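Thanks for coming, everyone. Please look at the sequence and the structure on the screen, and I will talk you through the side chains.

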Amino acid sequence: MIRHKNKELTENSKHLRKNMTSEERKLWYKFLKHLPVTVNRQKVFDFYIVDFYCAKYKLVIEIDGSQHFEENGIKKDQKRDEYFKRLGITVIRYSNYDIIIVLTTFVRT
């Protein structure tokens, strides 16, 4: 069962929405915000907060900083990804570098 109402995480997700990383901000304002489907920022799922979520396609988009490429970060991400897989939700991960390169190269302001 998905518990979207987690008071502690909900407060944190509000803070994260107001204080997005530069890569999250770029992806949101240059691309995701303009899609013809609803995409939520910093969505709470049980004990996780995801960067972006599209319910229509059951899709999570995560923007990974350098900590995600360290051993501990990789293990945590695998656990998270398994959780979402059990819910039938696909997780797509992009590095900060991916966002910078793709949005700078292919998306004009």
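**Charges, rings and a surface patch**

Let's start with D51. D51 is buried, yet D51 has no salt bridge. The nearest side chain of opposite charge is R80, 6.3 Å away. Keep in mind that this is a predicted model. A salt bridge here needs the nitrogen and the carboxyl oxygen within 4 Å. Where is D51? Its place is in strand 2, residues 48-54. What does D51 touch, leaving out residues up to four places away in sequence? The list is E24, N40, R41, Q42, I61, E62 and I63.

Now take E62 from that list. Which residue does E62 form a salt bridge with? The partner is R80, and the closest N and O atoms are 2.8 Å apart. E62 sits in strand 3, residues 59-64, and R80 sits in helix 3, residues 71-86, so this pair ties together parts that are 18 residues apart in sequence. Are these two buried or exposed? E62 is buried, and R80 is buried too.

Side chains of opposite charge can pair when their charged atoms come close.

How many salt bridges are there? The count comes to 4. Next, look at R93. R93 forms a salt bridge with D64, with the closest N and O atoms 2.8 Å apart. This pair links distant parts of the chain. R93 is in strand 4, residues 90-95, D64 is in strand 3, and they are 29 residues apart. Why does D64 count as buried? Because its relative accessible area is 4%, and buried means under 20%. R93 is partly exposed, with a relative accessible area of 25%.

R93 also forms a salt bridge with D77. Here the closest N and O atoms are 3.5 Å apart. Again the pair links distant parts of the chain: R93 in strand 4 and D77 in helix 3, 16 residues apart. D77 has 7% relative accessibility, so D77 counts as buried. Which residues end up in one network? Salt bridges with shared partners join D64, D77, D81 and R93.

On to the rings. A pair of aromatic rings is described by the distance of the centres and the angle of the planes. How many aromatic pairs does the structure hold? It holds 8. Take Y48 and F84. Their ring centres are 6.0 Å apart and their planes are at 45°, so this pair is tilted. Y48 lies in strand 2 and F84 lies in helix 3, so the pair ties together parts 36 residues apart in sequence. Y48 is buried, with a relative accessible area of 10%. F84 is buried as well, at 1%.

Now Y83 and F84. Their ring centres are 4.9 Å apart, with the planes at 85°. Why is this pair edge-to-face? Because the planes are at 85°, and over 60 degrees counts as edge-to-face. Both Y83 and F84 are buried. Which residues do ring pairs link into a cluster? The members are F45, F47, Y48, Y53, Y83 and F84.

Last stop, the surface. Y97, I100, I101 and V102 form a nonpolar patch there. Together they have about 360 Å² of accessible area. I101 lies in helix 4, residues 96-106. At 37% relative accessibility, I101 counts as partly exposed.

Technical notes. Residues are numbered from 1 along each chain as its sequence is written. This is a predicted model: local features need pLDDT of at least 70, side-chain atom pairs count only at pLDDT 80 or more; totals for chains, interfaces and linings use all residues. Side-chain values use heavy atoms; hydrogens and water are left out. Patches are made of residues with over 30% relative accessible area and no salt bridge: like charges are joined within 9 Å, nonpolar side chains (Val, Leu, Ile, Met, Phe, Trp, Tyr) within 5 Å. Accessible areas come from the Shrake-Rupley method with a 1.4 Å probe; for residues, only the protein chains shown count as cover. Helices (H or I, at least four residues) and strands (E, at least two) are DSSP runs, numbered from the N terminus. Buried means under 20% relative accessible area, exposed over 50%, partly exposed in between (1.4 Å probe, protein chains only). Lys and Arg count as positive and Asp and Glu as negative; His and the chain ends are not counted. Contact means heavy atoms within 4.5 Å. Rings of Phe, Tyr and Trp (its six-membered ring) pair if their centres lie within 6.5 Å; planes under 30 degrees apart count as stacked, over 60 as edge-to-face and the rest as tilted.
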